[in-house]
Amino acid sequence: MDDPYHNNVNQQVTEGGEYTYTQDGGGQDGYPYQTDYPPQEEDAASDATEGADEDEQMYEGEYQGVPHPDEIKEARRAARAEARRKARQAAQQEEEEENLPEQYETIMEDCGHGRFQWMLFFVLGLALMADGVDGFVVGFVLPSAEKDMCISNADKGLLGLLVYVAMMVGALVWGGLCDKMGRRKCLIYVLTIDLVFSFLSCFAQGYGFFLFFRFCSGFGIGGSIPIVYTYFTEFLQMDKRGEHLSWLCMFWMLGGLYASFTAWGIIPHYGWGFAIGSEFQMHSWRLYILVCLFPALAALVGIIFMPESPRFLLENARHDEAWMILRQVHDTNWKAKGEPERVFTVTNIKTPQTQEDEFIEIQSETGTAFQRWTVRHVTMLQQVMANVMSLSAPELRLQGLFLVIVWFCLAFSYHGLGVWFPDMIKYMQYEEYESKVRVFHRERVERFHFNFSLVNQIHREGEYVHDKFANIEIKSVKFESSLFENCYFEDIKSTNTFFENCTLKNTVFYNTDLWQEKFKNCRMENTTFLHPKKGCHLNFQEENDIVIYMVSFLGSLAVLPGNIISALFMDKIGRIRIIGGSMLASSACTFLLLLSFSQGAVICWQCLFYGASVAAWNGLEVISVELYPSSKRGTAFGILNGLCKFAAIVASFIFAAFIGVTKIIPIFLAFAALVCGGLVALKLPETREKILS
């Protein structure tokens, strides 16, 4: 059947290959139509020929809410087009992200390894050294600080706990921020916070302020390790990473040596200080804290002159800044090698397609600076949290779980035994001291002048009548059920001295540090306390035993052979064998602790354990920065380092609880953790030939 509409149409072909349709009849001119105009459907043509009004026509399925077939087709076409666009964009982004690591590795090889890396090595090493120093400071000053500020045993434990908690929080926070704000900027913030609050802690006279300042200092320096390793890794080429990151680990050892040596030389010298009246005391342990600030101060000055990581800049689409820094690295190295004519030939660096900047600025005139600051930092926090959640992606989940287990096991055993060694030595010293105690029973002393020190004695049911105690020191003395009548105490310095169930009649205490708290269940009749000494007695010759400094010094020095071996073989035998072999060897060393029957034996096995386990630390830190992509490297390392601090807190409580009870349980726990971690480490992927993703 012929269509009357098509019978009146003539088709012509123009020179350009376009079709022109001319409708005959009615005296109207022809209308040109381009070929890309969608052809009419048959139903539409039929409606036109029948003269039906489109507005009056209604699709019968509309009553039932069923969409028109044309709408379905159009929606499907749009969905397919959007899917193709996203697929092309994803393929292009994946290709660019794959090309960036390879190109960046090529650029770093072209820049070479030379003067620039060594300058950055020493600057970042000082920052790592500052972290090592902070790990020892509290333990060294605590014996003096607890006497100076009358810190109880409970408060003393709280100080050590809060410092580790602060370092754990600092690792988590700064590790995440350095992936968003930059490695260099965050490291400057970290060192500045540590310097300011450590400096203030030197002058804190009250325990509350001292605790707060040390907490803030720990929060700052706790972020140094994740930033330092992430920062330095991104300036190293693949065949240099393992060796030079292992050499960098030596600075933590140098921090321990510096802290031990300076404590040994400064703290016992009580005269190295000054006082302003009776309220402000600047003793030698406070000067020691000041001296411990030098590594952090030197690192801060040095990092100001260092550039930002170019890899971080490229990941954030800051191409020009990254190019300038890479050229600086290239020119610095080759000029130092005597080839200044070598030109940096890189002209274009492929950068991954990043999301648009999510920092929201309030553009309205009513928006205040505080509102803009709040929005900016809240958005940054959201980005950091999104980065943390992305670490649970399937491709990162399994290796992340293995790393968590290895980090926890190594930190648990290392820090647990790190607490057990010095506490065990102190316990042995205490047992030896207790074995030499002198006991006096029912002695009667009348009209006698005590002008000599009383040390390590117990007096039971004694009677002291018209006696004088003047200008003497009473150390570790206990008076039980004794009578003091018409006695006179003047200029007394006491340490660990108590009166229990005693009776004091007509007795005077003048200018002594014998507080009423030292009299337990005592009956006093006409007893007077005149001009009592404020503060607690400091006896540096007795309280600061050089054995503790020597133990820390030798323990830090013992890791030197392990550091050298791990640095030389990290790139030759691989990270996995270093970690697994070191942890299994350390587990064997723990059994030797069963033979520690003297202080010398404990020190010997401590040095052996530290020397064997340090290689595992080096390998673990190297593999942790190599496994994760650059956009998540700081976040992941911060979480792992925060987990390390958490394991240290748990281990310190568990291991300290068995001091003087049994050696078997701490040794078994350390052995089990090291074996478990060493076997799991063998399941980690090898990264010595892996390009930084």
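A surface patch is built from residues with over 30% relative accessible area and no salt bridge, joining like charges within 9 Å and nonpolar side chains (Val, Leu, Ile, Met, Phe, Trp, Tyr) within 5 Å. Accessible areas come from the Shrake-Rupley method with a 1.4 Å probe, and for residues only the protein chains shown count as cover. A salt bridge puts a side-chain nitrogen of Lys or Arg within 4 Å of a carboxyl oxygen of Asp or Glu.

The model is predicted: local features need pLDDT of at least 70, side-chain atom pairs count only at pLDDT 80 or more, and totals for chains, interfaces and linings use all residues. Residues are numbered from 1 along each chain as its sequence is written, and side-chain values use heavy atoms, leaving out hydrogens and water.

**Exercise 1.** Find the residues of the nonpolar surface patch of about 520 Å².

*Solution.* Pick out Phe294, Leu297, Val301, Ile304 and Phe305; they make the patch. Now place Phe294: it lies in helix α11, residues 294-304. Helices here are DSSP runs (H or I, at least four residues), numbered from the N terminus.

**Exercise 2.** Describe how helix α19 (residues 575-590) passes helix α22 (residues 664-681).

*Solution.* Start with the axes, lines fitted to C-alpha atoms over the stretch in contact, with angles from 0 to 180 degrees between N-to-C directions. The axes of α19 and α22 come within 8 Å and cross at roughly 160 degrees. Therefore α19 is roughly antiparallel to α22 (the term covers angles over 145 degrees). Next, find the contact (heavy atoms within 4.5 Å). Among its residues are Ile576 and Met583 of α19, and Phe671 and Leu674 of α22.

**Exercise 3.** Do likewise for α9 (residues 238-266) and α17 (residues 546-557).

*Solution.* Their axes come within 8 Å and cross at roughly 160 degrees. So α9 runs roughly antiparallel to α17. The contact includes Phe261 and Trp264 of α9, and Tyr549 and Phe553 of α17.

Note on methods: Helix = DSSP H or I, 4+ residues; strand = E, 2+ residues; numbered from the N terminus. Parallel < 35°, antiparallel > 145°, perpendicular 65-115°, else oblique.
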